[in-house]
Amino acid sequence: MATNPKREMPPLLRLAVDIGPLVVFFGVFLLAPYSLDLQKLLAATVAFMLAMPAAMAISWWKTRHISPMLWISGVLVLVMGGLTLYFHNEAFIKMKPTFVYLLFAVILAYGLASKKPLLAQLLGTAYPGLSERGWRMLTVKWMVFFVVMAVLNEIVWRTMSTTFWTSYKLFGAIPLSLLFAVANIPMLMRNGLQIDDPAEDVPIPPED
């Protein structure tokens, strides 16, 4: 029996699925009626843990598909968020992006070593016409980017306030990911990428 092909998600809805949970996290932290940052963070973590499954459900509803990257992020949100709530320790949720980024980098490194094109599966995005050289270059670039982002997250959460780290997640990490993805478009076009409007197909990691 034939299986239903994966359906495409409108770009704006895809962006909402990718960063919506982070917007919820930031909004609850900002508006929570508590005086202590830890109390605000715990409330935001609860909202985060509810928003991630909702984003995954929307992805499945609209495309009958949940990307591996979204699965990884969702599972780690539940695990690290649960530890944060249980121990009342903000370090767990703050370290979650570090684990996510490093896990993504390890997956891509394995793909390079085994000559398996894991990048498209991880990002959940197709690159029609992209040459083998283009795939290799893009994989290396994303792998390095994820390692850099892991280091940045560690620096920010260990040296800055909880409020600053929360703001960095939305107004720092997400723009950096978008800029990095857009910056790769010229290289992709030189290596055979065939997309009418590549800007609409630029992938970004879901909330990390």
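Q: How many helices and how many strands does the secondary structure of the protein come to?
A: This is a predicted model, so everything here describes a prediction. Read along the sequence, the protein follows the pattern α-α-α-α-α-α-α-α. The secondary structure therefore comes to 8 helices and 0 strands.

Q: What percentage of the residues of the protein count as buried?
A: A residue is called buried when its relative accessible area is under 20%. The protein has 208 residues, and the share of them that count as buried is 46%.

Q: Among contacts with a separation of 6 or more, what share comes from residues 24 or more positions apart?
A: Here we look at contacts in the protein with a separation of 6 or more. Residues 24 or more positions apart account for a share of these contacts that comes to 71%.

Q: What span is expected for helix 3 at 1.5 Å a residue?
A: Helix 3 covers residues 68–87, which is 20 residues. From its first C-alpha to its last it reaches 28 Å. That is close to the expected span, which is 28 Å.

Q: Which elements are included in what covers the buried residues of helix 3?
A: The buried residues of helix 3 are Met69, Leu70, Ile72, Ser73, Gly74, Leu76, Val77, Met80, Gly81 and Thr84. What covers these residues includes helix 1 (11–31), helix 2 (37–63), helix 4, helix 5 (118–123) and helix 6.

Q: Which residue with a positive phi follows helix 3?
A: Most residues other than glycine have a negative phi. In the loop between helix 3 and helix 4 there is a residue whose phi is near 50 degrees, a positive value in a residue other than glycine. The residue that follows helix 3 is His88.

Q: Is Lys115 buried or exposed?
A: Lys115 is found in the loop between helix 4 and helix 5. Its phi is near 60 degrees, a positive value in a residue other than glycine. Because its relative accessibility is 75%, and the cut-off is over 50%, Lys115 counts as exposed.

Q: Which helix gives the largest share of the lining of the second largest pocket?
A: The second largest pocket has a volume of about 270 Å³. Helix 4 (91–114) and helix 6 (132–159) are the elements that give two or more residues to its lining. The largest share, 4 residues, comes from helix 6.

Q: How many nonpolar, polar and charged residues are in the lining of the second largest pocket?
A: The lining is made of Gly111, Leu112, Lys115, Lys116, Pro117, Leu118, Glu132, Trp135, Arg136 and Thr139. Sorted by kind, these residues divide into 4 nonpolar, 2 polar and 4 charged.

Q: What distance separates the C-alpha atoms of Val140 and Leu119?
A: Val140 is found in helix 6, and at 34% relative accessibility Val140 counts as partly exposed. Val140 and Leu119 are 21 residues apart along the chain. Their C-alpha atoms are separated by 9.7 Å.

Q: Which residues does Glu154 touch, not counting residues up to four places away in sequence?
A: Glu154 lies in helix 6. Because its relative accessibility is 17%, Glu154 counts as buried. Glu154 and Thr98 are 56 residues apart in sequence, yet 6.8 Å apart in space, C-alpha to C-alpha. The residues that Glu154 touches are Met95 and Thr98.

Q: Which residues is Asn184 in contact with, leaving aside its neighbours within four places in sequence?
A: Asn184 is found in the loop between helix 7 and helix 8. With a relative accessible area of 4%, Asn184 is buried. The contacts of Asn184 are Leu138, Lys141 and Trp142.

Q: How many Å apart in space are Ser167 and Phe29, C-alpha to C-alpha?
A: Ser167 is found in helix 7 and is partly exposed, with a relative accessible area of 24%. Leaving aside its neighbours within four places in sequence, Ser167 is in contact with Phe26 and Gly172. Ser167 and Phe29 are 138 residues apart in sequence, and their distance in space is 9.8 Å.

How values were computed
Residues are numbered from 1 along each chain as its sequence is written. This is a predicted model: local features need pLDDT of at least 70, side-chain atom pairs count only at pLDDT 80 or more; totals for chains, interfaces and linings use all residues. Side-chain values use heavy atoms; hydrogens and water are left out. On a 1 Å grid over the protein atoms alone, a cavity is a set of points where a 1.4 Å probe fits but cannot get out, and a pocket is an open set with protein on both sides within 12 Å along at least five of seven lines; lining residues have an atom within 4 Å of a point. Grid points are joined across faces, edges and corners, and a volume is the space filled by probe spheres set on the points. Ala, Val, Leu, Ile, Met, Phe, Trp, Tyr, Cys and Pro count as nonpolar, Asp, Glu, Lys and Arg as charged, and the others, Gly among them, as polar. The expected span of a helix is 1.5 Å times one less than its number of residues. Buried means under 20% relative accessible area, exposed over 50%, partly exposed in between (1.4 Å probe, protein chains only). Contact means heavy atoms within 4.5 Å.
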